[in-house]
Amino acid sequence: RNKNSIIYIGDDKTDEDALGAIAGQGVGVVVGTKASSKAEYFLNDTLEVTESLKRMLAFLTAQAAVER
């Protein structure tokens, strides 16, 4: 089982090429307003990015402990 994943977090139009490139292979997140984007998910600001990454790390750490 592949345990590697792509998570791309961007905040402007220059990130759209990368978001399009990972479509179907990873998770795309745009920070800021919900403008037209290739991202699957949207976060309002950098505080939400930080909180989301903390939650993800906690989840993955717990999963790793269960799998041992």
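Helices (H or I, at least four residues) and strands (E, at least two) are DSSP runs here, numbered from the N terminus. Tyr-8, for one, is found in strand β1. Keep in mind that this is a predicted model, in which local features need pLDDT of at least 70, side-chain atom pairs count only at pLDDT 80 or more, and totals for chains, interfaces and linings use all residues. Residues are numbered from 1 along each chain as its sequence is written, and side-chain values use heavy atoms, with hydrogens and water left out.

**The overall picture**

The protein has two helices and three strands, and from the N terminus on they come in the order β-α-β-β-α. Taken along the principal axes, the C-alpha atoms fill a box of roughly 40 × 25 × 15 Å. Of the 68 residues, 19% count as buried, where buried means under 20% relative accessible area, exposed means over 50%, and partly exposed is in between (1.4 Å probe, protein chains only). The protein exposes about 5400 Å², and carbon and sulfur atoms supply 55% of that; the areas come from the Shrake-Rupley method with a 1.4 Å probe, and for residues only the protein chains shown count as cover.

What about contacts along the chain? Taking a contact as heavy atoms within 4.5 Å, residues 24 or more positions apart account for 8% of the contacts with a separation of 6 or more.

**The sheet**

The three strands form an open sheet in the order β1-β2-β3, with parallel pairing. β1 (6–10) and β3 (41–43) stand at the edges with a single partner strand each, so one side of each is left without a neighbour in the sheet. From one strand to the next, the twist averages 25 degrees; axes are lines fitted to C-alpha atoms, for helices over the stretch in contact, and angles run from 0 to 180 degrees between N-to-C directions.

Strands of a sheet pair through backbone hydrogen bonds, either parallel or antiparallel. In this analysis, two strands pair if DSSP finds at least two bridges between them. β1 and strand β2 (residues 26–31) pair in the parallel sense over five bridges. Along that pairing, Tyr-8 stands opposite Gly-28 in β2, and Gly-10 stands opposite Val-30 in β2. Five of the six residues of β2 are buried, so this strand is largely enclosed by the rest of the structure.

**Some residues up close**

| Residue | Relative accessible area | Class |
|---|---|---|
| Tyr-8 | 25% | partly exposed |
| Ile-9 | 34% | partly exposed |
| Val-29 | 8% | buried |
| Arg-68 | 81% | exposed |

Let's start with Tyr-8. Not counting residues up to four places away in sequence, Tyr-8 touches Asp-15, Ala-18, Leu-19, Ile-22, Val-27, Gly-28 and Val-29. Its side chain also makes a polar contact with the side chain of Asp-15, at 2.7 Å. A polar contact is a pair of N or O atoms within 3.5 Å; within protein, one must be able to donate a hydrogen and the other to accept it, and residues adjacent in sequence count only if both atoms are side-chain atoms.

Leaving out residues up to four places away in sequence, Ile-9 touches Val-29, Val-31, Val-49 and Leu-53. Ile-9 and Gln-25 are 16 residues apart along the chain, and their C-alpha atoms are separated by 14 Å.

Over in strand β2 sits Val-29. Which residues is Val-29 in contact with, leaving aside its neighbours within four places in sequence? They are Tyr-8, Ile-9, Gly-10, Leu-19, Ala-39, Tyr-41 and Leu-43. Val-29 and Gly-10 are 19 residues apart in sequence, yet 6.3 Å apart in space, C-alpha to C-alpha.

Helix α2 (residues 46–67) has 22 residues and reaches 31 Å from its first C-alpha to its last, close to the 32 Å expected at 1.5 Å a residue. That expected span is 1.5 Å times one less than the number of residues in the helix. Asp-45 caps the N-terminal end of α2, with a side-chain oxygen 3.1 Å from the backbone nitrogen of Leu-47.

Arg-68 lies in the segment after α2.
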